[in-house]
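Reader: I have not looked at this one before. Can you take me through it?

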Amino acid sequence: MPLPPLDSPKWNGPFRAFAWGMRSIVSTVLSLVLFVTYIGIGALAHDTHFSLAWALLSTALVWAGPAQIILITTLASGVGIVQSAVRSP
């Protein structure tokens, strides 16, 4: 998506500039991959009976999708938190 020139009147306010930036970000493949990854992590957390609060906390603390999958699956198998942290990359 081509953006207007910097001296264009379409950038007249911070809200319009933010909207243009969000529009350009949402239309990328990387955003779609990130969105689908977190849907998968949410589904895994739901299937292993973790709460929404725990899944959000793991996202805030771990932030890497593969590491979250390892953390959730090791904790779901009955391993303790310390052992799960040692096994995670």
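This is a predicted model: local features need pLDDT of at least 70, side-chain atom pairs count only at pLDDT 80 or more; totals for chains, interfaces and linings use all residues.

Reader: Which residues make up the largest nonpolar core?

Author: The largest nonpolar core has seven residues. They are Ile41, Ala45, Phe50, Ala55, Leu71, Ile72 and Leu75.

Reader: And which elements give two or more residues to this core?

Author: Those are helix 2, residues 29–47, and helix 4, residues 65–76. Helix 4 gives the most, with three residues.

Reader: Take isoleucine 41. What is it in contact with, leaving aside neighbours within four places in sequence?

Author: Isoleucine 41 is in contact with Gly65, Gln68, Ile69 and Ile72. Of these, Ile72 is also listed in the core.

Reader: Next, helix 3. Which of its residues are buried?

Author: In helix 3, Ala55, Ser58 and Thr59 are buried. Seen down the helix axis, the buried residues fall within an arc of 100°, so they line one face of helix 3.

Reader: What covers them?

Author: The cover over the buried residues of helix 3 includes helix 2 and helix 4.

Reader: Which exposed residues are on the face turned away from the buried side?

Author: That face of helix 3 carries Ala53, Leu56, Ala60 and Leu61, which are exposed.

Reader: Where is tryptophan 54 found?

Author: Tryptophan 54 is in helix 3, which covers residues 52–61.

Reader: On to the surface. Which residues form a nonpolar patch there?

Author: Phe18, Met22, Ile25 and Val26 do, with about 400 Å² of accessible area together. One of them, isoleucine 25, is found in helix 1, residues 14–26. Isoleucine 25 is partly exposed, at a relative accessible area of 47%.

Reader: What about isoleucine 81, buried or exposed?

Author: Isoleucine 81 is exposed, with a relative accessible area of 67%. Isoleucine 81 lies in helix 5, residues 81–87. From isoleucine 81 to leucine 71 is 10 residues in sequence and 8.7 Å in space, C-alpha to C-alpha.

Reader: Last topic, backbone angles. What is phi of histidine 49?

Author: Phi of histidine 49 is near 65°, a positive value in a residue other than glycine. Most residues other than glycine have a negative phi.

Reader: Where does histidine 49 lie?

Author: Histidine 49 lies in the loop between helix 2 and helix 3. Histidine 49 is exposed, with a relative accessible area of 74%.

Reader: And which residue takes a positive phi just after helix 3?

Author: Tryptophan 63, with a phi of about 70°.

Conventions: Residues are numbered from 1 along each chain as its sequence is written. Side-chain values use heavy atoms; hydrogens and water are left out. A nonpolar core is a set of buried Ala, Val, Leu, Ile, Met, Phe, Trp, Tyr and Cys residues joined through side-chain atoms within 4.5 Å. Buried means under 20% relative accessible area, exposed over 50%, partly exposed in between (1.4 Å probe, protein chains only). Helices (H or I, at least four residues) and strands (E, at least two) are DSSP runs, numbered from the N terminus. Contact means heavy atoms within 4.5 Å. Patches are made of residues with over 30% relative accessible area and no salt bridge: like charges are joined within 9 Å, nonpolar side chains (Val, Leu, Ile, Met, Phe, Trp, Tyr) within 5 Å. Accessible areas come from the Shrake-Rupley method with a 1.4 Å probe; for residues, only the protein chains shown count as cover. A salt bridge is a side-chain nitrogen of Lys or Arg within 4 Å of a carboxyl oxygen of Asp or Glu. The arc is that of the directions from the helix axis to the C-beta atoms.
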